[in-house]
Amino acid sequence: MVRPERRTKADLAAVALIAMAVLAASVVVWAGSDARATVSEPAAQSAPDLPDPESVRVPESLHEAWREQSPATPVPVVAGPAVVTAGGNEVTGRDPVTGQVRWRYARDIPLCTVGESWKRAIAVYRKDHNCSEVTSLRGSNGVRGPQRNGDAEFGTRLLSDGTYVTASGRRAVESWRSDLVRTQQYGIPPAVKNPDNNLKRPDCQYGSVAVGDQRLGLVEECPGEPGGRITLLKTKPEDDEKPEELFSTGLGLPGASVVAVSEDHAAVLAPDRSQLVVFDGSAKVVGSFPVRVGPRDTAANSRIEATTRDGQVYWFTGTDTVALHPDDLTPLWTAPDTLGPGTVVGDRLLVPVRDGLAVLDPATGARERVIPVDRQGYAGPVGLDSAGDVLVEQRGETLVALR
């Protein structure tokens, strides 16, 4: 009979020391992990969906319901039933009517920007060399969805065509599908992993970006090409490592910016000529139209303030709102002296103007009336969206709910 091995006091002490060392190492790893540096407070219950904007009646009057600082949202972010505010390192989903916080999410690193698609808020956080940490949050409850590490640059903005989200940049742009898998990357990102990505023009920078109909348009600023060039790409090429260019042509238009793109057209603003130039899929100019260009940075506006509502594109020139045909991007009508592109409510288009919100016929641009809004002296550009029967204005770094 074999007797069991006896454990000495020294053996027990050694086991205890090993256990303590493992525990200490685990604590150190946990303390430095992303989980330790993340605050996720989802809602106890999911909020119900809001009614479609087309089913909401245009209000007779509007009053301020609540306001919050939101410097990380360049335009209003309405994710499902939540109005999203963001700044510092925190993203919050709020009740549209009361502004009460339903859920919150925070990291120990600063936000770059927050956008919206697929009824989710898309939060992009800053790491050492770029805006690389991307997290999606369900608008209904704040539960985390897909996440990824991206290659977005500082100053990036998120543009959605309803199917894909594109992160803009001066040296690189990339697009993601709803599970945040990258579908394309164009340019040379801050953290270069594969410098040989079949770029035809590796020395160019991108002055403006627009998306639409699963297409990505950008104005490239290239050495030896004064006036830039317009390039139209597929947002989802066959191979995400190989950009699929539909056309690219020199512009010869100093300061040009891309305003909108469709499946086979691109509209480009030529500010020095006060013209909107439209190209077809063979890179030919098919139209040139006069527009009023305001004193504001219309190149920046065209990146983040051209919106698609009810199948139609509305673009803010810095002075006026212009409706563009959704297919060939030709101007249909112009609403003068506006503050932003506007949003559809019911069967009307609401556009911010100096004294409030103008109610327009979306087919003709005819102004029917103005709903007064007291902006307390604010006179800058206004981003506008709707959350049920609540209208949300982005005024600089402040988000204001109207009801």
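This is a predicted model: local features need pLDDT of at least 70, side-chain atom pairs count only at pLDDT 80 or more; totals for chains, interfaces and linings use all residues.

Residues are numbered from 1 along each chain as its sequence is written, and side-chain values use heavy atoms, with hydrogens and water left out.

I looked up the secondary structure and found two helices and 33 strands, taken as DSSP runs (helices H or I, at least four residues; strands E, at least two) numbered from the N terminus. Of the 403 residues, 51% count as buried, meaning under 20% relative accessible area with a 1.4 Å probe, protein chains only.

I then turned to the rings and found three aromatic pairs, where ring centres of Phe, Tyr or Trp (its six-membered ring) lie within 6.5 Å and planes under 30 degrees apart count as stacked, over 60 as edge-to-face and the rest as tilted. One of them is the edge-to-face pair of Tyr105 and Tyr125, at 6.2 Å centre to centre and 65° between the planes. Tyr105 lies in strand β6 and Tyr125 in strand β8, so the pair ties together parts 20 residues apart in sequence. I checked their burial: Tyr105 has a relative accessible area of 1%, and Tyr125 has 0%.

Another entry is the tilted pair of Tyr314 and Trp333, with 6.0 Å between centres and 45° between planes. Tyr314 in strand β24 and Trp333 in strand β26 are 19 residues apart. Tyr314 is buried at 2% relative accessibility, and Trp333 is buried at 7%.

How values were computed: Buried means under 20% relative accessible area, exposed over 50%, partly exposed in between (1.4 Å probe, protein chains only).
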